[in-house]
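Student: I've got a model open and I'd like to know where its labels come from. Can we go through a few?

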Amino acid sequence: MLKGSPCQRGHEASLRVLAGGTGYLGEDPGLASLHDAAVLVMMWSVLNAFLHGVALLTKAGIPAKAAAAVIQGGLATTAGWLAGYAEQIDQGAHPGDDSTIATHLAAMDHLIEESAASGISTELPAFIKAIAQRAVDAGHGAKGYTALIELFLSDRS
């Protein structure tokens with residue numbers, strides 16, 4: 001049942017047809033826009049990473065369609081981590097059990113080197129590495145990747 005005014009509740013069936021799988025986000029009307037922004041930053045980040053990965057693979061003669069299949073597998077694996085990562089963030093715990101930020105940083109260097117060697121722009125992997133390096137510099141190197149949330153929550157522009 002929809003929360004809200006009697007008018008909104010009276011039109012619940014129509015609203016459900018129009019809104020699909022959306023749900024009530026709260027009294028603050030700005031929350032809808034904030035949820036949209038959260039999805040957009042994820043979307044553009046994933047699409048840019050996809051395009052960078054496809055560029056790497058197509059430079060090696062692998063068709064984009066085949067590259068997409070490989071990248072989709074990696075994306076599915078990564079998506080499977082999100083619920084557990086969200087739990088770590090909610091708990092304020094960032095265990096480095098599976099991998100530390102410092103370990104990721106070394107792999108990021110490899111990505112930058114592979115990109116440069118392939119003639120692919122290093123801008124995106126260098127940006128990703130810069131964020132991880134900031135986390136290491138802030139003392140989070142031995143923590144898990146979710147510790148980067150501390151950088152995103154800071155008021156640094």
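Tutor: Trp 81 and Tyr 85 both sit in helix H4 (residues 64-91), four residues apart, about one turn of the helix; helices here are DSSP runs of H or I with at least four residues, numbered from the N terminus. This is a predicted model, where local features need pLDDT of at least 70, side-chain atom pairs count only at pLDDT 80 or more, and totals for chains, interfaces and linings use all residues. Residues are numbered from 1 along each chain as its sequence is written, and side-chain values use heavy atoms, leaving out hydrogens and water.

Student: What makes the pair of Trp 81 and Tyr 85 tilted?

Tutor: Rings of Phe, Tyr and Trp (its six-membered ring) pair if their centres lie within 6.5 Å, with planes under 30 degrees apart called stacked, over 60 edge-to-face and the rest tilted. The centres of these two rings are 6.1 Å apart and their planes are at 40°, so the pair is tilted. By this rule there is one aromatic pair.

Student: Why is Tyr 85 called buried?

Tutor: Buried means under 20% relative accessible area, exposed over 50% and partly exposed in between (1.4 Å probe, protein chains only). Tyr 85 has 19%, so Tyr 85 is buried. Trp 81 has 42%, so Trp 81 is partly exposed.

Student: And what makes Ile 149 partly exposed?

Tutor: Its relative accessible area is 23%, so Ile 149 is partly exposed. Ile 149 lies in helix H7 (residues 149-153). Leaving aside neighbours within four places in sequence, Ile 149 contacts Ile 89 and His 94, where contact means heavy atoms within 4.5 Å.

Notes:
Helices (H or I, at least four residues) and strands (E, at least two) are DSSP runs, numbered from the N terminus.
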